[in-house]
Amino acid sequence: MTRETKHAANHQQKGWALFSVDMMIKNQPVDTYFLMDLDRGLMLGFEIIIQDLTPSIVNMLLLNGEKTVNSMPDCLVVSSSEPFKSPIQEASQQLGIEMKELFFSVFEEMILPVKKHMAENFFSPSFLFLQPSHRQDEQDRECAKQLFPASYEPCSCGSGSKYKFCCKRIFKEIVEAMVAAEEGKLSKALSFLDEAEQVVGTTAEILCRRSIVYSFFNDDKSVEFLKACLMLNPNHPRANYLLGIDLKESHQYEAAIEAYQKAISFYPPTDKFHLNEVYNNLGCTYHAMGDIENAKLAWEKALALFPQDKATQANLRDFIYNGADSEASLIVSPSTDYH
C-alpha cells in the first residue's frame, strides 16, 4: 500500500503535534522534540536536539511515526512560538502534510501534562517558574514566563549569543545562588556561583551575579565585583542597570540616566522583562530630577514592554495622572531577580 493510499484510508485522522521540552543534561541545554498523535493521545517518537532542528530530523520523526501507526496525518500542528517553523514546514511539504500553527497559550495547555511528566525526571528551566503555586497571582506567573529568554533568543547578558548556547548552561546554579542570597546564606550562594564558573569561566555575568549576592551582605564587596564586571565588559546590561540604581540612590541623577540608557542599548530587544525594569527606574530618576515629561515617557515605554507590571502602573497612576509629589512613594524595580 502506498503512502497516499494509506493516507486516504485513514482520512479521519486529524493530526499530529510536534513540540519541544527544554532540559538540562550534565550542564548541557538540550531540546527534546516529541511527536504526538493527537487523536490517539499516543507518543510516536522523540529526538534530542543539541544544536538546531533540521528538515532531515523532522522527516525522520514523521517517517518513524508512520511506522508506528501505519499512517500519516492530515496536518502537523506546531506552536505559534516554534523557533524552527521553516525546517518543519519543509519536511512536512516533502511528505504532503499540511503544517498548522496553534496559538502559544492553547498549545502550551495541550502539552502541559507531557512537560510536567518530563520535569519530574529532568531539570527543565522553562518549567521551573511555570509550576502553579497558591502564592502566585496571575502577574507572578506572567513575570515567570517573561523572566528568561526562549532558548533561541539572544541571551540577556548581552553577549549576542543565543541563550541556549550562553547563560542557559548555568541557569540552575544562578537561580540557586540568587535564592540562597535572599535567604541570607552567603556561603551557599557563592558555592553555586563557583559551580557556574567551572562551567563557563569567569565571565562578566558571573562577576555581576557575585556583585548581586554580596549586595545582601557586604556593600564594598558588591561594588568591587560590579566594577570588575564592567571592566571586563563595559556594555554588560545588567551591570549598567545595577550601576544606575547605585548612582540614583546617591543622587547622581545624570550619571544614573546614562547608565540606564546604556543598559537599554545592550539588553536584547526581545528581553522585555528586564527592559521594563530599566525604563521604570529611568522614569523614577527623571521624576526625582523634576523632569515629569521624560518620567512619563519612560514609564509609558516600561508599560508598553510589560503591561502587567504593577510598579510602573502605580508610578504612572500616582505621579502622572493623580499628581502625587512624594518621591518616597516611587516604586523602583529591584536590583535582584532570578535571572
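Tutor: Of the 339 residues in the protein, buried residues make up 47%. The model is predicted, so local features need pLDDT of at least 70 and side-chain atom pairs count only at pLDDT 80 or more, while totals for chains, interfaces and linings use all residues. Residues are numbered from 1 along each chain as its sequence is written, and side-chain values use heavy atoms, with hydrogens and water left out.

Student: Why is Phe84 called buried?
Tutor: Buried means under 20% relative accessible area, exposed means over 50%, and partly exposed is in between (1.4 Å probe, protein chains only). Phe84 has a relative accessible area of 9%, so Phe84 is buried.

Student: And what makes Tyr152 count as buried or exposed?
Tutor: The relative accessibility of Tyr152 is 15%, so Tyr152 counts as buried.

Student: How do you know what kind of pair the rings of Phe84 and Tyr152 form?
Tutor: A pair of aromatic rings is described by the distance of the centres and the angle of the planes. Rings of Phe, Tyr and Trp (its six-membered ring) pair if their centres lie within 6.5 Å; planes under 30 degrees apart count as stacked, over 60 as edge-to-face and the rest as tilted. The centres of the Phe84 and Tyr152 rings are 4.7 Å apart and the planes are at 75 degrees, so this pair is edge-to-face.

Student: Which parts of the chain does the pair link?
Tutor: Distant ones: Phe84 is in the loop between S4 and H3, and Tyr152 is in the loop between helix H6 (138-146) and helix H7 (171-182), 68 residues apart. Helices (H or I, at least four residues) and strands (E, at least two) are DSSP runs, numbered from the N terminus. The protein has 15 helices and five strands.

Student: What makes Tyr214 and Phe225 a stacked pair?
Tutor: Their rings are 5.6 Å apart centre to centre, with 5 degrees between the planes. Tyr214 lies in helix H9 and Phe225 in helix H10 (residues 219-232), so the pair ties together parts eleven residues apart in sequence. Tyr214 counts as buried because its relative accessibility is 12%, and Phe225 counts as buried because its value is 16%.

Student: Why is Lys221 said to lie over the face of Tyr214?
Tutor: A charge sits over a ring if NZ of Lys or CZ of Arg is within 6 Å of the ring centre and within 35 degrees of the ring normal. Lys221 lies over the face of Tyr214, at 5.4 Å from the ring centre.

Student: How do you know that the buried residues of H3 share a side?
Tutor: In helix H3 (residues 85-94), Pro87, Ile88, Ala91 and Ser92 are buried. They cover an arc of only 135 degrees around the axis (taken from the directions from the helix axis to the C-beta atoms), which puts them on the same side of H3. The face turned away from that buried side carries the exposed residues Ser86, Gln93 and Gln94.

Student: What do the buried residues of H3 pack against?
Tutor: They pack against strand S1 (16-25), helix H2 (55-69), strand S4 (75-79) and strand S5 (98-102). Contact means heavy atoms within 4.5 Å.

Student: What makes a set of residues a nonpolar core?
Tutor: The residues are buried Ala, Val, Leu, Ile, Met, Phe, Trp, Tyr and Cys, joined through side-chain atoms within 4.5 Å. The largest such core has 47 residues, and those with the most contacts inside it include Val213, Tyr241 and Val278. Helix H9 (residues 204-214) gives the largest share, seven residues.

Student: Which residues does Val278 contact?
Tutor: Leaving aside neighbours within four places in sequence, Val278 is in contact with Tyr241, Tyr260, Ala263, Ile264 and Tyr267.

Student: How do you know whether Leu247 is buried or exposed?
Tutor: Its relative accessibility is 13%, so Leu247 counts as buried. Leu247 is found in helix H11 (residues 237-249). Not counting residues up to four places away in sequence, Leu247 touches Gln252, Ala255, Ala256 and Ala259.
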